[in-house]
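Subject: Structure for your review

Dear colleague,

Please find below the structure that I am handing over to you. My notes on it follow directly after it.

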Amino acid sequence: MPARATDRRRAAVLGSPIAHSLSPVLHRTAYAELGLEGWTYDRFDVDEQALPGFLETLGDDDWAGLSLTMPLKRAVIPLLDGISETAASVDAVNTVVFTEDGRRTGDNTDIPGMVAALREHGIDKVDTAAILGAGATASSALAALARICTGEVTVYVRSEVRGAEMREWAERLGVAVRVADWDDAERALHAPLVVTTTPAGVTDGLARAVPERPAALFDVLYDPWPTVLAARWSAYGGAVVGGLDLLVHQAVLQVEQMTGRSPAPLGAMRKAGERALAAR
């Protein structure tokens, strides 16, 4: 049921660390634009050990939903009444919605958020792609590429253990994957689409190897921005999709699920995020 403007409902983002999160800025902006005066959105520093106890303190009558970041995306699954097929495909939940009948259901808006961010930049289909990194975000990236990549995805990893994990995800998702060593990561930059899922600074050394006519780069970081790699990529005329694009698109889907209002104000949310980042 769509939210009424007079409803008093709560939502929040959980994770650890969480102080850096832009989610409160994005969601509060959406509530203001949608006229949801009684809605609030907070942040709570919660780790895996504290999560079960935190959920037990929530009153189902006034809570609409939760956004989850690391390290909670897998830890929350056994604490829910059910999860979507999208979340199950990568064993990761970033969205919890509290339903009227008291159920807590999980979803993953990162995957469709990635697809939407790419499509906004005119990237609907690619023949092949490359992923830099093999952590939790990389599995979501692989799931997103399953929807738009018609050929092989090459994943560049630092360890064989990570490589084996990505092969397992690929088989589960029905994606053709080739695992390559991180020492050869410069080769990734020649792919039609490069998705980098590594922590800040890890890809800085690759910037010197950006080709003269790069294709498309999706760098999931948003702070600091631009990354060294994204700045060089853009300077050479390549298309760049950034972490804020992903953050906004996945937040739009969260707002729509939690409030029942659609469409969420993507433009206003993005501008609010840009202002918040510029003020840091």
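The lining of the largest pocket divides into 21 nonpolar, 17 polar and 6 charged residues; here Ala, Val, Leu, Ile, Met, Phe, Trp, Tyr, Cys and Pro count as nonpolar, Asp, Glu, Lys and Arg as charged, and the others, Gly among them, as polar. Please note that this is a predicted model, in which local features need pLDDT of at least 70 and side-chain atom pairs count only at pLDDT 80 or more, while totals for chains, interfaces and linings use all residues. Residues are numbered from 1 along each chain as its sequence is written, and side-chain values use heavy atoms, with hydrogens and water left out.

The largest pocket holds about 1,200 Å³ of space. Of its 44 lining residues, Thr69, Met70, Lys73, Thr137 and Val220 are the closest to its centre. A pocket is an open set of points on a 1 Å grid over the protein atoms alone, where a 1.4 Å probe fits, with protein on both sides within 12 Å along at least five of seven lines; lining residues have an atom within 4 Å of a point. The volume is the space filled by probe spheres set on the points, which are joined across faces, edges and corners. Two or more lining residues come from each of strand E3 (63-68), H4, helix H5 (136-148), strand E8 (153-157) and H8. Helices (H or I, at least four residues) and strands (E, at least two) are DSSP runs, numbered from the N terminus.

H8 gives the largest share of this lining, 5 residues. Of the 17 residues in H8, 14 are buried, that is, under 20% relative accessible area, whereas exposed means over 50% and partly exposed lies in between (1.4 Å probe, protein chains only). Just after H8, Gly260 has a positive phi of about 75 degrees.

Helix H9 (residues 266-278) also deserves a description. Its buried residues are Met269, Arg270, Ala272, Gly273 and Leu277. They lie on the same side of H9 because they cover an arc of only 160 degrees around the axis, taken from the directions from the helix axis to the C-beta atoms. Exposed residues Lys271, Arg275 and Ala278 are on the face turned away from that buried side. The buried residues of H9 pack against helix H1 (23-34), helix H4 (110-120) and helix H8 (243-259).

Why does Arg270 count as buried? Its relative accessibility is 16%. Beyond neighbours within four places in sequence, Arg270 is in contact (heavy atoms within 4.5 Å) with Glu120, Leu244, Asp245, Val248 and His249.

Yours sincerely

Terms used:
Expected span 1.5 Å × (residues − 1).
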